[in-house]
Amino acid sequence: MKKYRPAAVAGVIALGLGLAACSSSSSSSSSTPASTTGTATAAAASHVACPNGTLTFGVEPYDNASVLIPAYQTLSTDLGQQLGCKVNLQIAESYVAEILAMKNGKLDMGEFGPAGFVFASQQAGAVPLASFADSNGQLSTYTAGIWVKKGSPVTSLKQLAGHTLALSSTGSTSGDWVPRYALIQAGVQNKVKTEYAGGHPESLEALLHGKVDAAEINSQTEASAEKAHTFDPSQYTEIWKSQPIPNDPITASGTMSPAAQTAIKNALLHLNASAFTSGKTSIASELDFTPPASGQVMIPVTTAMYGQLFALAKALSLTTSNL
């Protein structure tokens, strides 16, 4: 599995298995200035949510780090201003690295993919706080899909038997778990040659360059590639599409106090829409959702909202070795 490595950007660190905890070594003298909501309020939030003056926030590598860094840097900065402390953004090197980092006390917060959240919840005690709202103010979703070139004789999952299929990377919700379960349900799981391309963009590239007969392309990757003019859906056919998958939860480490979790949750829910856009990059475009025209961009979430993923992990007998 290919691991993304972020470009050198000030304040952004690659999150690996051996990462040293930043929150324990940073002093409150490096805190981000309090927001205009009031110094006293920010100071109180800082005391509750980040007594050491910093929070570490990890994001799973669902796209190239060069894209994710600008997309999440504004959110991290604005969240820090709300809380009155510095939020250090860290792009994980892999799904499992992010889970282990939180388990080992090296992450205060983490945005996990729905599949990653299953194990982050079970093994690292990750507590879901908020996720991204759609235009109706409901929890936004996305879909997995399997695509072939237009005119391909493959028109269904059963007809994939004897053909090659590119998946994104092990542990991906839409690029691994969901399509593999679909192959099982279609009875062809042992008849399709699956290959992990290394990520969602790489899976798409494998199809575009004719390296495979079919590829998993989720709706997020499809939207990003179409916007970048690197993918023309009219030249391809989607032979299978999943049910809606709830978008990533932003979580807090279970070792944080309930008061700290509440403070971070409230800060996330009250971020302005501008916090989710950095230049030409936005989290909405990365996760393929249309935020509300007005009101909260983030809404509260609970573990129960991701119940379908816990059920899927159980049905497939999955463990972190499958990440």
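The following questions and answers examine how several terms apply to this predicted model.

Q: What makes up the secondary structure of the protein chain?
A: The protein chain has ten helices and 16 strands.

Q: How many of the residues of the protein chain count as buried?
A: Of the 323 residues, 53% count as buried.

Q: What share of the contacts with a separation of 6 or more is made by residues 24 or more positions apart?
A: Such residues account for 82% of these contacts in the protein chain.

Q: Why is strand E7 called largely enclosed?
A: Strand E7 spans residues 145-149, and four of its five residues are buried, so the strand is largely enclosed by the rest of the structure.

Q: How do you know that E7 and strand E11 pair, and in which sense?
A: Two strands are said to pair if at least two bridges are found between them. E7 and E11 (residues 236-241) have five bridges, in the antiparallel sense; therefore they meet the condition for pairing. Within this arrangement, Trp147 stands opposite Glu238 in E11.

Q: What makes E7 and strand E10 a pair?
A: The condition is again at least two bridges. E7 and E10 (residues 214-216) are joined by three bridges in the antiparallel sense, so they too count as paired. The bridge partner of Val148 in E10 is Ala214.

Q: Why is Glu202 called buried?
A: Glu202 has a relative accessible area of 17%. The cut-off is under 20%, so Glu202 counts as buried. Glu202 belongs to helix H6, whose buried residues also include His200, Ser203, Leu204, Ala206 and Leu207. The C-alpha atoms of Glu202 and Ala166 are separated by 8.8 Å, with the two residues 36 apart along the chain. Just after H6, Gly210 takes a positive phi of about 70°.

Q: Why is Asp288 called partly exposed?
A: The relative accessibility of Asp288 is 28%. Buried requires a value under 20% and exposed a value over 50%, so Asp288 falls in between and counts as partly exposed. Asp288 is found in the loop between H9 and strand E16 (298-300).

Q: Why is Ser317 called exposed?
A: Ser317 has a relative accessible area of 59%. Exposed means over 50%, and therefore Ser317 qualifies. Its place is in the segment after H10.

Q: What makes the phi values of Asp288 and Ser317 worth noting?
A: Most residues other than glycine have a negative phi. Asp288 is not a glycine, yet its phi is positive, at about 55°. Ser317 also has a positive phi, near 55°, in a residue other than glycine.

Q: What is the volume of the largest pocket, and which residues lie nearest its centre?
A: The largest pocket has a volume of about 480 Å³. It is lined by 21 residues, of which Asp63, Ser224, Ala225, Ala228 and Glu286 lie nearest its centre. Elements that give two or more residues to this lining are helix H6 (200-208), helix H7 (219-227), strand E15 (281-282) and helix H9 (283-287). H7 provides the largest share, five residues. By class, the lining has six nonpolar, ten polar and five charged residues.

Q: Which residues are closest to the centre of the second largest pocket?
A: The second largest pocket holds about 290 Å³ of space. Among its 14 lining residues, Val178, Tyr181, Gln185, Gln243 and Leu312 are the closest to the centre. Helix H5 (173-186), E11 and helix H10 (307-315) each give two or more residues to the lining, and H10 gives the most, with five. The lining divides into nine nonpolar, four polar and one charged.

Q: What makes a space a cavity, and how many does a search of the whole structure find at 30 Å³ or more?
A: In a cavity a probe fits but cannot get out, whereas a pocket is open. The search finds two cavities of 30 Å³ or more. The largest cavity has a volume of about 100 Å³. It is lined by 15 residues, and the closest to its centre are Glu60, Tyr62, Tyr95, Tyr142 and His200. By class, this lining has five nonpolar, eight polar and two charged residues.

Notes:
Residues are numbered from 1 along each chain as its sequence is written. This is a predicted model: local features need pLDDT of at least 70, side-chain atom pairs count only at pLDDT 80 or more; totals for chains, interfaces and linings use all residues. Side-chain values use heavy atoms; hydrogens and water are left out. Buried means under 20% relative accessible area, exposed over 50%, partly exposed in between (1.4 Å probe, protein chains only). Contact means heavy atoms within 4.5 Å. On a 1 Å grid over the protein atoms alone, a cavity is a set of points where a 1.4 Å probe fits but cannot get out, and a pocket is an open set with protein on both sides within 12 Å along at least five of seven lines; lining residues have an atom within 4 Å of a point. Grid points are joined across faces, edges and corners, and a volume is the space filled by probe spheres set on the points. Ala, Val, Leu, Ile, Met, Phe, Trp, Tyr, Cys and Pro count as nonpolar, Asp, Glu, Lys and Arg as charged, and the others, Gly among them, as polar.
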